[in-house]
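Trainee: Could you walk me through this structure? I am new to it and would like to begin with the overall layout.

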Amino acid sequence: MMIKLNRMLKRPTLYIITSVLALGLPVLLHTVSAGRADPGILQPEDLPAGAIVMTPGFPSSDKIGHPLSSESTSSLRAQLSSEEQSLLSGYKAMRRFAALLPTQGVVVMNFAYEYATATEAEQAAQVLQAHIRGAATLLQVKDFKETKGLRGHEFLLQGDEGDSVCWFVGSRDKRLVLLMVNGMEQSSVLSVFEMMVQKLMNK
C-alpha cells in the first residue's frame, strides 16, 4: 500500500477504492464514535449524509499512507534542497481524516502536520505549493483569502484516468493543513471541495 505524493496528486481515488476492495470494508471503516476528535481537522459531522468514514490510522506507519511520509516524498528528493527535505520531514505529529462519499462519487482526505513553529508550518506549505505549481496536470490555482488564521492556496489538477483532484495546501498557527477531494465528475469534486474548505475555515 505504498503511495507517493506524485501519485496522490493525480489519482488517490482509484488507489483508495482499490484498497477498500482489496482489504475489505471492516479493515478500513470505523464508527463515528471511534477515535479521539481533533478540532483542527474534519470530523464525521462535517460530512454529508451517507459518507463512509475511514479509520484515522490507515496505516499507522510513517513509511506509508500520508503525503509527507518518507515513502511518499521519496520521488521529490531530487527536486528539493536539503533544507526543504528537512523541513518537510520535521513535523512533530500528524493527524488525518478520510472518507468516501458514495453519493457524490468522491474521496475526501484531510491531513494536519504539527510543527515546532508557525514559521516552519508556513514554509512547509510553500514548498508543497511550489511543487504542485510545477505539475504538468495543474489546471487552475486559486488564491485563498486568509480566514481565522488559515492561509494557503487551492489547486485543481487533472488525474491520469480523467478524474479531477482538488487540493488545499496551507497553514494555520503551527500546523501544515492539507485537504484533498478527488473524483471522476469535476462538478461534484469542486462542490464538495468548497464545502470542505468552508468547514476547515470554521475550525
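**Sheet, helices and cores**

Mentor: In this predicted model, strands β2 and β3 form an antiparallel pair with 9 bridges.

Trainee: Which residue stands opposite Val108 in β3?

Mentor: That residue is Ala99.

Trainee: And what is the order of the strands in the open sheet?

Mentor: The open sheet has 7 strands in the order β1-β2-β3-β7-β6-β5-β4, and the pairing is antiparallel. At the edges are β1 (52-54) and β4 (138-147), each of which pairs on one side only. From one strand to the next, the twist averages 15°.

Trainee: What holds paired strands together in general?

Mentor: Strands of a sheet pair through backbone hydrogen bonds, in either a parallel or an antiparallel manner.

Trainee: Now the helices. Which strands does α5 touch?

Mentor: Helix α5 packs on the sheet and touches β4, β5, β6 and β7. Its direction makes about 155° with that of β6.

Trainee: And which strands does α6 lie across?

Mentor: Helix α6, residues 186-201, lies across β2, β3, β4, β5, β6 and β7. It runs at about 155° to β7.

Trainee: How many residues are in the largest nonpolar core?

Mentor: That core has 28 residues. Among those with the most contacts inside it are Leu68, Tyr113, Trp167 and Val169. The elements that give two or more residues to this core include α4 (82-88), α5 (118-133) and β6 (164-172).

Trainee: Which element gives the most to this core?

Mentor: Helix α5 does, with 6 residues.

Trainee: You listed Val169. What does Val169 touch?

Mentor: Leaving aside residues up to four places away in sequence, Val169 touches Ala125, Leu128, Gln129, Ile132, Gly152, His153, Phe155, Val177 and Leu178.

Trainee: How many residues does the second core have?

Mentor: The second core is separate and has 25 residues, including Ile41, Ala99, Leu179 and Val192.

Trainee: A change of topic: where does Asn182 lie?

Mentor: Asn182 lies in strand β7.

Trainee: Is Asn182 buried or exposed?

Mentor: Asn182 counts as buried because its relative accessible area is 0%, and the cut-off for buried is under 20%.

Trainee: Which side chain does the side chain of Asn182 join in a polar contact?

Mentor: The side chain of Asn182 is joined to that of Asp163 by a polar contact of 3.1 Å.

How values were computed
Residues numbered from 1 in each chain as written. Predicted model: local features only at pLDDT ≥ 70, side-chain atom pairs only at ≥ 80, totals over all residues. Heavy atoms only, no water. Core = buried A, V, L, I, M, F, W, Y, C linked by side-chain atoms within 4.5 Å. Buried < 20%, exposed > 50% of the residue type's maximum accessible area, 1.4 Å probe, protein only. Helix = DSSP H or I, 4+ residues; strand = E, 2+ residues; numbered from the N terminus. Contact = heavy atoms within 4.5 Å. Polar contact = N/O pair within 3.5 Å; in protein donor to acceptor, adjacent residues only side chain to side chain. Pairing = 2+ DSSP bridges. Axes fitted to C-alpha atoms, helices over the stretch in contact; angles between N-to-C directions.
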